[in-house]
Amino acid sequence: MRTELHKRLLSFARRPDAAAFDALALDVARYQVEALPAYGRFVAASGGVGERWDTVPPIPSELFAELDLCSQPPREDGKDRIFKTSGTTQGEALRGRRRVPDISLYDAAMAGPFIAAVLGGDQSPRRWLSLVPHPRIMPTSSLSHMIGGLAEALASETIWAVDLEGLDLGRARAALSEGDGPIVILATAFALFDLLEGLAQPPRTPKLPAGSRVMLTGGFKGRTDVISEGELLARVKRQLGIPAELVVPEYGMTELSSQAYAACVGQPFAPMPSLRFRIVDPLTSVPLPAGQEGLVACFDLLNLDNVSAVLTSDLGVLDADGRLTLRGRLAGSMPRGCSLTAEELRSLVREP
Amino acid sequence: MIAADLLRATMAIGFSEPVARRGLDAELAVWDDTAVRAQIEREVGAREPRPKNVLVIAARTLPASTMRQVYAARALGARVIVKSASGQEAIGEALAHADPQVVATPFASCDTAALDRTIGESDAVVVLGGDETVESVRARVPLAKHFVPHGHRASAAWLADDAPDDALRGLAEDLCAWDQAGCLAPQWVWVEGDVTRLMTRLAPHVEAVERALPMPPDPRVVHARRAASAIALTAGGQVTTTGTAMLATHPESRARGSPGHRFLWLLPASLDALTSFAPHLSTLGALAPPKALPRHTRLATPGTMQRPPLDWAQDGLPLFASLVRAH
């Protein structure tokens with residue numbers, strides 16, 4: 001069953017067909033229910049898969065920190081590819097992790113939407129400046145994997161200016177000052193802010209050639225005190241010469257294989273064809289219509305070996321075309337009292 | 001009688017008025033003059049010197065925990081400096097308003113100069129908080145001063161599936177008191193026998209208790225519970241909800257953190273699981289002690305878990321003697 005589904009998904013990734021999404025999603029969900037008993041139990045207790053992609057019970061993304069939600073057995077050599085969420089102050093035990101033994105679907109699908117959204121449909125090789133660590137340095141980062149794969153396929157040259165120590169400003173400055181032709185910058189919001197701060201110091205870096213672009217990901221995750229989105233864009237224009245319409249936000253997460261892109265900052269995220277969003281009421285889990293704010297749930301066809309229906313902690317609103325505007329995160333409830341929190345307990349009590 | 005500003009400050013943390021009243025009343029009821037004098041006599045006797053100034057650092061804890069430490073120091077005749085947690089300054093101010101010998105000293109946790117200054121004014125320092133807070137304060141307290149650390153702990157219950165209804169009613173009260181916040185609230189129950197049976201029997205008792213002790217709905221709480229209930233369901237457990245609470249079974253016995261706000265795990269009883277969690281266990285709600293009740297664990301009848309008596313030596317530290325202990 002998996003082999004046949006994998007083939008259909010690969011075909012979908014290469015030639016997306018919106019009309020085929022629903023049937024494929026149900027087949028994927030039914031396969032996951034069978035192949036991943038923990039998810040099967042969850043779905044059974046939640047009323048079953050249902051009849052459409054948006055009736056498949058979504059698993060809360062927090063469970064990726066609790067369980068190995070992968071239907072394939074771990075490799076005997078222990079060298080499974082594992083993507084992890086960024087570190088938390090609570091330590092390793094609380095990081096979400098997704099084991100991805102077969103990366104072929106991920107890799108097959110990512111280029112097309114990236115070329116369309118970030119490169120404006122222009123595949124001609126350009127120089128890239130990555131403010132995301134190289135996948136060799138950060139093999140557990142799905143973002144590093146994505147940029148590594150895309151760079152290999154699409155860039156004429158890639159300068160990796162961030163490592164575990166942080167931003168290598170000299171390297172970034174050199175990349176921006178040398179060469180000719182437009183450059184593509186791939187950055188998290190924090191890394192881009194660090195770059196702009198560094199470039200504000202002499203020597204002055206010339207503005208980039210016309211057509212240069214930025215892919216921006218990650219957001220500020222509760223640290224909007226650092227800089228607002230508007231200020232960041234203004235500085236990108238002022239310091240790099242890249243206008244706001246060529247700064248393309250990307251939305252992705254460790255738990256998913258597909259991504260979404262917005263035309264520019266302030267515009268909604270359009271999911272790539274293998275991904276769909278829906279919004280549910282945070283209190284009741286009831287699906288909400290377009291225009292109403294709630295929790296973002298996703299169905300990612302490409303998560304074949306994991307779980308496709310995922311409920312995030314992100315808040316957002318959909319438009320009539322299924323595009324997503326993010327409205328922040330549903331923050332954890334405030335601790336009230338001197339008890340160990342669930343997170344502290346989890347880090348204290350290991351699996352036997 | 002509860003002071004109005006203390007009640008308001010407690011409700012501002014997020015508790016409904018009935019929950020705040022019930023919790024504050026329970027703590028105040030302990031502070032009977034005769035009982036306090038007798039307990040001081042038992043713990044301290046004529047031992048001198050008693051502290052003249054005590055600093056109580058309350059790191060985002062329940063008002064009841066702060067009240068207990070403040071009142072204990074006051075009962076020994078000390079002046080008390082209260083450093084409330086950020087965002088909960090009103091608790092310290094309310095305690096100070098009721099007693100001129102209590103001084104609320106708000107300062108940021110990162111303000112080490114203010115911390116050193118207040119430590120310098122004190123003979124004894126009581127810290128309520130997480131390990132990181134406790135250790136950071138400990139490092140600044142001179143050896144000559146008493147240091148009374150109370151780190152974070154968790155509590156649980158241990159009941160048979162045929163436990164009497166009184167015990168289930170008591171457990172429901174322990175769950176709903178302070179909305180399950182604090183280190184004395186049960187986060188899970190180790191069940192001897194049929195775990196699902198106990199869950200089914202417990203639910204109506206929770207429903208009865210929560211009618212008098214409402215908890216306001218909060219989407220953040222619902223979301224946290226959704227994840228916890230998914231953990232139960234993926235493991236083959238069962239989940240039941242009442243008006244404000246969620247009860248979930250899990251086939252494994254190991255201690256399992258609840259997201260709080262009235263989410264109770266029901267786990268198969270296991271002495272191994274109890275023993276392995278012992279260093280972090282504050283109170284065990286049970287009708288009789290299991291065979292291996294860990295040292296320093298308080299055994300409480302269901303219904304009294306969140307109502308510790310004056311002679312409770314939290315973390316093995318007697319309430320009054322820990323402030324007077326000889327150098």
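Helices here are DSSP runs of H or I with at least four residues, strands are runs of E with at least two, and both are numbered from the N terminus. The model on screen is predicted.

**First stop: a loop in chain B**

Select B:Trp178, in the loop between helix 8 (165–176) and strand 7 of chain B. B:Trp178 is not a glycine, yet its phi is positive, at about 50°. Is B:Trp178 buried or exposed? A residue counts as buried when 20 or more other C-beta atoms lie within 10 Å of its own. B:Trp178 has 28 other C-beta atoms within 10 Å, so it is buried.

Now move to B:Gln180, which is also found in the loop between helix 8 and strand 7 of chain B. Its phi is positive too, near 75°, and B:Gln180 is a residue other than glycine. B:Gln180 counts as buried because it has 26 C-beta neighbours inside 10 Å.

**Second stop: the sheet**

Select the strands of the open sheet in chain B, seven of them, in the order 8-9-10-7-6-11-12 with mixed pairing. Strand 8 (239–241) and strand 12 (298–300) of chain B are at the edges; each has a single partner strand, so one side of each has no neighbour in the sheet. From one strand to the next, the twist averages 20°.

B:Leu284 is opposite B:Leu299 in strand 12 of chain B.

Next, show helix 9 (residues 195–212) of chain B, which packs on the sheet. Helix 9 touches strand 6 (154–160), strand 7 (186–192), strand 8, strand 9 (246–249) and strand 10 (263–268) of chain B, and its direction makes about 170° with that of strand 9.

Colour domain 1 (4–152) and domain 2 (154–300) of chain B separately. Their centres, taken over C-alpha atoms, are 28 Å apart. Where they meet, nine residues of domain 1 of chain B contact 11 residues of domain 2 of chain B. Helix 2 (residues 17–30) of chain B gives the most to the domain 1 side, with four residues. That side divides into four nonpolar residues, four polar and one charged.

**Last stop: cis peptide bonds**

Select B:Glu48 and B:Pro49: the peptide bond between them is cis, with omega near -5°. In chain A, the bond from A:Pro202 to A:Pro203 is cis, with omega near 0°.

Conventions. Residues numbered from 1 in each chain as written. Chains lettered and ligands numbered in written order. Predicted model: local features only at pLDDT ≥ 70, side-chain atom pairs only at ≥ 80, totals over all residues. Domains from an automatic or database assignment. Contact = placed C-beta atoms within 7 Å. Nonpolar A, V, L, I, M, F, W, Y, C, P; charged D, E, K, R; others polar. Pairing = 2+ DSSP bridges. Axes fitted to C-alpha atoms, helices over the stretch in contact; angles between N-to-C directions. Buried ≥ 20, exposed ≤ 12 C-beta atoms within 10 Å, placed from the backbone.
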